[in-house]
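Have a look at the model below, and then let us walk through it together.

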Amino acid sequence: MCGRYVMAADPSDLVALFEVDEMGDLPDRSWNVAPTDLAPVVVEPPSRDGTPPARRLEAARWGLVPTWAKDLSGGVKAINARSETVAERRTFSASLGMRRALVPASGWYEWRKPEKTPFYVHADDERPVAFAGLYSWWKSPEGAWVLSSTILTADATGQLADLHDRMPVVLGPELWDTWLDAETEGDQHLVDAVVEAAAEQVESLVLREVGRAVGNVRADGPELVAPAPADAGEPDASTDAHG
């Protein structure tokens, strides 16, 4: 799974990289994005007046809350969507049809079992990557709208398979337009195609062991992605659950 990631890029860099037309209010950069945190997503809602759709960079709550949910609590269990079953899961199927997103990330953390050693995974050129994601709008009983998102995962391949059995689906730039386009049919065939293509991205990723401080959701800062000290030792007792 993908249970913690880094989004430390400047918003202006994301606007340029993803060719964003409009930008909403975004949260501060984070080296430890955790479930229910706000983080940037790229979305391209269909136009209602026949004009070309605008690509937007918005802040979304991590953990998808479907429109029919009674409250926000279920989103905690929907931070990831398994690519193999996403089309048949009620929580995700409607979003797969027309509400697909790119989730920008500087990289992500994964814990190698059985010793639960944390690693930071990132692109070899340090540029942000784009996870295949879904989004949803949920309206509270008080009338407030909440944008939420999830990240697609697949069986880990290549060097990542030695780290964990799952990995986020990383989309190459050639797939961004297709994934975001609401006119493209969102079904299992599309998911299978992007998962197959995403496997090619694995070889351009770098794995670096980092310190155990990242296990604490309250920790943040660039020091979290620094190489682990030689005397990293046992995990801190305050370490929270992770992926």
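Y109 is buried, because its relative accessibility is 0% and buried means under 20% relative accessible area, with exposed over 50% and partly exposed in between (1.4 Å probe, protein chains only). W111 counts as buried too, at a relative accessible area of 4%. The structure is a predicted model, in which local features need pLDDT of at least 70 and side-chain atom pairs count only at pLDDT 80 or more, while totals for chains, interfaces and linings use all residues. Residues are numbered from 1 along each chain as its sequence is written, and side-chain values use heavy atoms, with hydrogens and water left out.

How many aromatic pairs does a search of the whole structure find? It finds six, where rings of Phe, Tyr and Trp (its six-membered ring) pair if their centres lie within 6.5 Å, and planes under 30 degrees apart count as stacked, over 60 as edge-to-face and the rest as tilted. One of them joins Y5 and W62, and the pair is edge-to-face because the planes stand at 75°, with the ring centres 5.0 Å apart. Helices (H or I, at least four residues) and strands (E, at least two) are DSSP runs, numbered from the N terminus. Y5 and W62 are both buried. The pair of Y109 and W111 is tilted, with 6.4 Å from centre to centre and 50° between the planes. Ring pairs also tie Y5, W62, W108 and F131 into a cluster.

R90 lies over the face of W68, at 3.8 Å from the ring centre, and R100 lies over the face of W179, at 5.6 Å.

Next, S106. It is found in the loop between β7 (100–105) and β8 (107–112). Is S106 buried or exposed? At 12% relative accessibility, S106 counts as buried. Beyond its neighbours within four places in sequence, S106 is in contact (heavy atoms within 4.5 Å) with V6, M7, A8, A9, Y120, H122 and P128.

The backbone has some details to look up as well. Most residues other than glycine have a negative phi, and most peptide bonds are trans. T36 is not a glycine, yet its phi is positive, at about 80°; T36 is in the loop between β3 (30–33) and β4 (38–43) and is partly exposed, at 32% relative accessibility. E126 also has a positive phi, near 70°. E126 lies in the loop between β9 and β10 (129–139) and is exposed, with a relative accessible area of 52%. A cis peptide bond joins K113 and P114, with omega about 5°, and P114 lies in the loop between β8 and β9 (117–123).

Finally, the spaces. On a 1 Å grid over the protein atoms alone, a cavity is a set of points where a 1.4 Å probe fits but cannot get out, and a pocket is an open set with protein on both sides within 12 Å along at least five of seven lines; lining residues have an atom within 4 Å of a point. Grid points are joined across faces, edges and corners, and a volume is the space filled by probe spheres set on the points.

| Space | Volume |
|---|---|
| Largest pocket | about 230 Å³ |
| Second largest pocket | about 190 Å³ |
| Largest cavity | about 30 Å³ |

The largest pocket is lined by 16 residues, with A123, P128, V129, P173 and Q201 closest to its centre. The second largest pocket has 17 lining residues, and L64, P66, G74, A78 and T91 lie nearest its centre. The largest cavity is lined by M167, P168, V169, V170, A198, Q201, V202 and L205.

Definitions and conventions
A charge sits over a ring if NZ of Lys or CZ of Arg is within 6 Å of the ring centre and within 35 degrees of the ring normal.
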